[in-house]
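Dear colleague,

Please find the structure below, together with its sequence. My notes on the charged side chains and the overall fold follow it.

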Amino acid sequence: MADDWRSDMVDRLRALITKAEPDVVEEAKWRKESNPDGVPTFSRSGLICTVETYGDKVKLTFAKGAALDDPAGLFNASLDAGTRRAIDIHEGDQIDEDAFVALVREAVDLNQS
């Protein structure tokens, strides 16, 4: 991953996910030639979300996002997907950290129910 705003954002999101769920397990999955580092995945009693970087954005995909309440309206991508929902973050975007932490906690609770 390029050492730019995207890597800084991934680090920030990683810290928020860990704040929301200190026992989260991070793994790199789906390694391939075009992405030798793989995709960071975050799990606790099941997959919570993945974090992928693209040329113009960082994408967080929540595995069971369609089942989560999102009162702050963080989800802005994959809104028509059956089960998942995503948050696309572009350079300069701000994320509501409290709402994001609450969303991660809700995803963990859903996995544990």
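Nine salt bridges are found in a search of the whole structure, a salt bridge being a side-chain nitrogen of Lys or Arg within 4 Å of a carboxyl oxygen of Asp or Glu. This is a predicted model, in which local features need pLDDT of at least 70 and side-chain atom pairs count only at pLDDT 80 or more, while totals for chains, interfaces and linings use all residues. Residues are numbered from 1 along each chain as its sequence is written, and side-chain values use heavy atoms, with hydrogens and water left out.

Asp11, Arg14 and Glu26 form a network of salt bridges. Arginine 14 pairs with aspartate 11, with the closest N and O atoms 3.0 Å apart; both lie in helix H1 (residues 5-20), three residues apart. Arginine 14 also meets glutamate 26 at 2.8 Å, N to O, and this pair links helix H1 to strand S1 (residues 25-29). Helices (H or I, at least four residues) and strands (E, at least two) are DSSP runs, numbered from the N terminus.

A further salt bridge joins arginine 12 and glutamate 97, the closest N and O atoms being 2.8 Å apart. That pair connects helix H1 with helix H2 (residues 97-112), 85 residues apart. Arginine 12 is partly exposed at 27% relative accessibility, where buried means under 20% relative accessible area, exposed over 50%, and partly exposed in between (1.4 Å probe, protein chains only).

Overall, the protein chain has two helices and five strands, in the order α-β-β-β-β-β-α from the N terminus.

Kind regards
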